[in-house]
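Hi,

Here is the model I said I would pass on. Have a look at it first, and my notes follow below.

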Amino acid sequence: MDTHTPQPTGPSLRNKVLAALLAGAFVAAVAVVALAGGGDGTPVDAGEAAPAAPAGTPAPGLAFTTFDGATATLADYEGRPLVVNFWASWCPSCIAEMSAAFRPVQEQLGDEVAFLGMNIQDDRSAALRLVAETGVEFDLAEDPRGDLYQALGGLGMPFTVFISADGLVVAEHNGPLTEGQLADRIEAAFGAA
């Protein structure tokens with residue numbers, strides 16, 4: 001009598017668990033991107049996303065709070081070109097970009113170009129830890145509901161906007177930038193690099 005136990009056909013339990021984990025990771029990633037688009041924490045579908053601020057339009061006059069507790073607007077930076085970078089501690093691309101691109105470019109061009117790191121929809125203590133870890137030294141502020149992000153037409157994270165010395169939106173970039181790409185975009189936007 002054969003006591004051979006039949007082997008299961010089809011995917012193994014291990015493969016089923018891996019598939020479930022990957023599906024969960026995909027859903028979580030989609031939720032993070034969707035939340036980045038919704039200023040009030042509700043997902044915004046692509047049909048409802050704010051359009052990008054067209055080049056040549058004035059930067060929005062929305063007030064925000066700096067990490068030092070002061071109230072400011074983008075107009076406070078007029079007289080000097082401004083690079084605004086939207087970031088969050090929950091965004092791996094933002095974390096890499098802060099130390100690999102923004103810190104070195106700001107160290108090189110900070111006398112010519114102002115930099116503003118705008119933390120969006122984040123836990124303040126996590127944001128402060130990330131700032132300490134990356135060593136960035138440019139101005140930092142909070143956009144807790146994503147109002148400024150939406151007004152400028154952000155669609156993904158990180159999101160960077162280039163604003164002229166006279167307060168006009170020059171260009172925007174959705175997604176991470178390398179040090180060279182950031183320097184090139186600043187050169188193209190402001191003629192400085």
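This is a predicted model: local features need pLDDT of at least 70, side-chain atom pairs count only at pLDDT 80 or more; totals for chains, interfaces and linings use all residues.

β4 and β5 themselves pair in the parallel sense, over five bridges.

On its other pairing, β5 meets strand β1 (residues 64-66), and here the two run antiparallel, joined by two bridges. If you want a spot to look at there, T65 stands opposite E142 in β5.

Zooming out, the sheet is open and has seven strands, in the order β2-β1-β5-β4-β3-β6-β7, with mixed pairing. The edges are taken by β2 (71-72) and β7 (169-174); each has a single partner strand, so one side of each is left without a neighbour in the sheet.

α2 lies across β3, β4 and β6 (159-163), and runs at about 165° to β3. Helix α5 (residues 179-190) lies across β3, β4, β6 and β7, and its angle to β6 is about 30°.

Which residues of helix α3 (residues 124-134) are buried? They are A126, A127, L130, V131 and T134. Looking down the axis of α3, these buried residues fall within an arc of 140°, so they line one face of the helix. What do they pack against? The buried residues of α3 pack against β3 (82-87), α2 (92-109), β4 (114-120) and β5 (139-143). The face turned away from that buried side carries the exposed residues A132 and E133.

The largest nonpolar core has 46 residues, and L74, F86 and I186 are the ones that touch the most other members. Elements giving two or more residues to this core are β3, α2, β4, α3, β5, α4 (147-151), β6 and α5. Of these, α2 gives the most, with six residues. As background, nonpolar side chains in soluble globular proteins tend to be buried together.

Setting aside its neighbours within four places in sequence, L74 is in contact with A59, P60, F64, L82, V84, L116, L148, L152 and I163.

Last item: the cysteines. How many disulfides does the count come to? It comes to one disulfide, formed by C91 and C94, whose sulfur atoms are 2.3 Å apart. The link of C91 and C94 is right-handed, with 80° about the S-S bond. Are these two cysteines buried or exposed? With buried meaning under 20% relative accessible area, C91 counts as buried because its relative accessibility is 6%, and C94 is buried too, at 0%.

That is what I have for now.

Cheers

Key:
Residues are numbered from 1 along each chain as its sequence is written. Side-chain values use heavy atoms; hydrogens and water are left out. Buried means under 20% relative accessible area, exposed over 50%, partly exposed in between (1.4 Å probe, protein chains only). Helices (H or I, at least four residues) and strands (E, at least two) are DSSP runs, numbered from the N terminus. The arc is that of the directions from the helix axis to the C-beta atoms. Contact means heavy atoms within 4.5 Å. A disulfide is a pair of cysteine sulfur atoms within 2.5 Å. Two strands pair if DSSP finds at least two bridges between them. Axes are lines fitted to C-alpha atoms, for helices over the stretch in contact, and angles run from 0 to 180 degrees between N-to-C directions. A nonpolar core is a set of buried Ala, Val, Leu, Ile, Met, Phe, Trp, Tyr and Cys residues joined through side-chain atoms within 4.5 Å.
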